[in-house]
Amino acid sequence: MSLIRALPLARVRAALGGQRRIAFVLSGGGSLGAVQVGMLRALVERGILPDVVVGCSVGAINGAAFAAEPGIRGLNRLDRIWGMLSDGDPDIMPSGRLPLAVQMARRGSSVFDPEILEQLLVDELGAHHFDELQLPFACVATSVRDADERWFEDGPLVPALMASAALPAVFPPVEIGGELFIDGGVVREAPVVQAADMGADVIYLLHVGHLTSVRPPRFERPIDVALHAYWMARLRRFEEDLEELGQRCTLIRLPSGSAPGVRFDDFSQGRALADRAHVATRHFLDTGETLEPVDIGTLEE
């Protein structure tokens, strides 16, 4: 595998040569999914469009929205969705009256009701079935039964996305065809191997997780520690996937532009995250240089 982190776009195109099959791979990342909106905008502005789209968790949601209408109009839809979340309307993870630690101890399979997110997807996604998408799209979820990955490429779209994004303890498992599924990031944080299996020669990786950090993570609550441990396991699996990918593809990892310390349920920084990712990705595509990640605190000032 050829991993490109810092080549100007002109040199990338020259190195690739000829007609190549391009995939966009969008990782999971919860509220950090806004980063992918900025990345996508920079790619579209530079005339880079995919032949296939592959997503996990929030990346599955973003990827499906883009595959429904690739280009500026689809990006504007994503901007609107993330703008709504940034404004708290809808509030897909309402705080409620009880502290989160108390909610975690209550009976039930999850802290939050998934109906708000599900309704948002039904209302705003632009497609309800895989065959309504303009680009081939696949998303991954994790089977509760055998702890293995399951890929969705046809059939109803929203249930597959809900399954892919069913973060353990946060949202309940999703039943499809009599089988329960949870977040695809449990087994495939950034599904680059699947993109190669779908025929991609060049993969643009839109990863929003904590690959780098400006400051240590904030552990303010027990769930913060648990989720950070979950992230560490996901990133370890991602490194294993890179090894499995081997020499099959050229992988271009896009910069996020920030290293935010936002909580998993804090969507208020969505606009700032998207804007910074747009600037960083555009700069990377034009110059091959990766800007130093900016702390989210700096973005707020």
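**View 1. Asp-241 and Arg-188, two buried partners.** Asp-241 and Arg-188 are both buried (under 20% relative accessible area with a 1.4 Å probe, protein chains only; exposed is over 50%, partly exposed in between). They form a salt bridge whose closest N and O atoms are 2.4 Å apart (a side-chain nitrogen of Lys or Arg within 4 Å of a carboxyl oxygen of Asp or Glu). Because Asp-241 lies in helix 9 (residues 222-245) and Arg-188 in the loop between strand 7 (179-183) and helix 8 (192-197), the pair joins parts 53 residues apart in sequence. Helices (H or I, at least four residues) and strands (E, at least two) are DSSP runs, numbered from the N terminus. The model is predicted: local features need pLDDT of at least 70, side-chain atom pairs count only at pLDDT 80 or more, and totals for chains, interfaces and linings use all residues. Residues are numbered from 1 along each chain as its sequence is written, and side-chain values use heavy atoms, without hydrogens and water.

**View 2. The salt bridge between Asp-79 and Arg-41.** The closest N and O atoms of this pair are 2.4 Å apart. Asp-79 belongs to helix 4 (residues 72-86) and Arg-41 to helix 2 (residues 34-45), 38 residues apart. Asp-79 is partly exposed at 34% relative accessibility, whereas Arg-41 is buried at 16%.

**View 3. The salt bridge between Arg-46 and Asp-286.** Here the closest N and O atoms are 2.7 Å apart. Arg-46, in the loop between helix 2 and strand 3 (52-56), is 240 residues from Asp-286 in helix 10 (residues 270-287).
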